[in-house]
Amino acid sequence: MLDVLNSHGQLLNAIGVNALLSLGMWITLAHNQEAFAQVGFMALGAYTSVLLTVWVGAPFPVALLGGALIPALIAALVGVVVLRLRGIFLAIATVAFGEVVRGILLNVDAVGGSLGIDSIPVKTTAWKEALAIAAVLYGLWRLGISRTGRALRALRDDEHAAASNGIAVWRTKTLVFCLGAAIVGLAGAFSAHYMNFIDPNQYVFSKLIEIVSFVVVGGLVSPWGAVLGAVVLTWLTELLRWTQTFHVLANGAILLAIVLFFPAGLLGIVHALGARLPPAWKWHPWSRQATGGRDHACD
Amino acid sequence: MIWQQVVNGLALGGLYGLFAVGYTLVFGVLNILNLAQAAVYMAGALTAQQLVVRGVNVLAAFFAGLAVSGLLGLLLEWSVLRPLRQRRASLLDPRLLTLVGSLAFAAMLESVAFLTVGIEIRRFPENVVGLHVYHIGPVVVDRLQLVVMLLTLGLMVVLHWVVQRTGTGRAIRAVAESTGHARLMGINVSRVIAITVVLSSVMAGAAGILIGVQSNMVYAYMGRHIELKGLAIIVLGGLGSVPGAVLAGLLIGLAEVFAVGYLVAGLQTAVVFGILMMLLLVRPRGLMGLVGAERS
């Protein structure tokens, strides 16, 4: 019991990081962009921020900013070439990108190689993460109700129609890719500054799968789903930890059940249950369900 | 020395090809990646190892491992792939759902294996096929390696025969070409898909057993090491192309053996995936893939 209390702060921190990761994954998946470079960008964000605090001695907000900006910049460069692909090809190319990042980090001795970097100052607190999540959600909200947001949804629904209506397809796609990279980079910076050490093998394929399952379990319909999925799954893993290895089995079963029976995710269940939700939940601009299957962009 | 490396590389590459063929077969008919295959690969190896340790005949254990893999494939098809296929349009891309569903299946299979045999690496008894070293010209091969190579070759010949020469194989190729047209020609598409999934699972199980015997390391998470390699191979070979997957498997096996032999060992994954990214940009259809597939 005491154990649970002690790990409480840690649980909140983990939830915060996972919610950010989930949001960064959500923005690409929700726009029909099957890009799975998230762990690579997370690693870049973590390493950038750690180098800023440990080598340069930069204050934490600067490190966070760097941790978000550098991945976004690299995403813009990588996006130029990778985003010409789509579907399964885009997925595999972006997974390969993550492996390349990890492989390079493993072999650069200046950043510790396979040992990584340790004794990173612990600067992450739950409220800073909450602030960051709120900022990201607010940003997504503003983006959602803006002209660019409508362009994003138009692109999501039909690329050719969007292009023929004068939407700059390539620029908009790159924007989505970069935003995702920035958000997971931020998550990487936060996680590095609470775990106290980083090494390249934290950013493996199985981590990516975990992030994707947050989004799918929560529901792709709106950013709330991404946050909900991350909170519920992280909390559930912690809750089931006493069952030792059974929690992996339970997680798999829950994921399968969601995929098979509730394709709209937990948020879909919440939507189905609640007419009494606050309007902000029901009428989020990203939500397709909220508009009865039609989108603001088409109204 | 160099011929020895070539033989080692081809032996390893053949096994990679065997594994990747399953990915590519399922991708051909369903247009999805079946990521549960790495777990089925592990399950096949683990079944065979546990049986051999309990004193079952090696050959019988091999076929039992194949049977378990096939059954797991059938279970996957019935519990995950078919229900998701039959669902009406939903908010989500059905391919993403299937991908995640197959991952969930893999996670469950892995944790069941983990709960059964624990974390430690399981090994086959010494000399499962007897110890004998053959000298063929400049090349030295022991009996185990020879048996594994012959079995790999044999399985590929069987697969080739099934896909190219039997009615079922023709049906598989027809569904891969166009599901709708195959259905119009009276092919039971659902049954063909089930057969394909089972076939690919059996091939994955066989690869698992053979790699498990050869490296003599069988454990619950062994599939994770080949999962991404398999993806690299099918992209290199061209998605949906069986000969492409075999060829690419051989190439990757050779590259790996030569990289370990002549280059720094650490950077090899980064180099392989870097080449893969470049390849996707320059020639997304791979060595033997169809034109235009990357745009669908």
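What is the volume of the largest cavity? In this predicted model, the largest cavity has a volume of about 270 Å³, and the structure holds 2 cavities of 30 Å³ or more. The largest cavity is lined by 21 residues, and those closest to its centre are F36(A), A91(A), L33(B), L35(B) and L99(B). Helices α5 (87–107) and α10 (205–218) of chain A, together with α4 (94–117) of chain B, each give two or more residues to this lining. By class, the lining comprises 17 nonpolar, 1 polar and 3 charged residues.

Two or more residues come from each of α5 and α10 of chain A, and α5(A) gives the most, with 3 residues. The lining of the second largest cavity consists of 8 nonpolar, 1 polar and 1 charged residues.

Chain A itself contains 14 helices and 0 strands. Of its 299 residues, 57% are buried. Among contacts in chain A between residues at least 6 apart in sequence, 78% join residues at least 24 apart. The chain exposes about 12700 Å², of which carbon and sulfur atoms supply 67%.

Helix α11 of chain A, spanning residues 223–239, has 17 residues and reaches 24 Å from its first C-alpha to its last, close to the expected 24 Å. Buried residues in α11(A) include P223(A), A226(A), A230(A), L233(A) and T237(A). In an α-helix there are 3.6 residues a turn, so residues three or four places apart point the same way.

Methods. Residues numbered from 1 in each chain as written. Chains lettered and ligands numbered in written order. Predicted model: local features only at pLDDT ≥ 70, side-chain atom pairs only at ≥ 80, totals over all residues. Heavy atoms only, no water. Helix = DSSP H or I, 4+ residues; strand = E, 2+ residues; numbered from the N terminus. Buried < 20%, exposed > 50% of the residue type's maximum accessible area, 1.4 Å probe, protein only. Contact = heavy atoms within 4.5 Å. Areas by Shrake-Rupley, 256 points an atom, 1.4 Å probe, with all protein chains shown as cover. Expected span 1.5 Å × (residues − 1). 1 Å grid on protein atoms, 1.4 Å probe; cavity = no way out; pocket = protein on both sides within 12 Å on 5 of 7 lines; lining within 4 Å. Points joined across faces, edges and corners; volume = space filled by probe spheres on them. Nonpolar A, V, L, I, M, F, W, Y, C, P; charged D, E, K, R; others polar.
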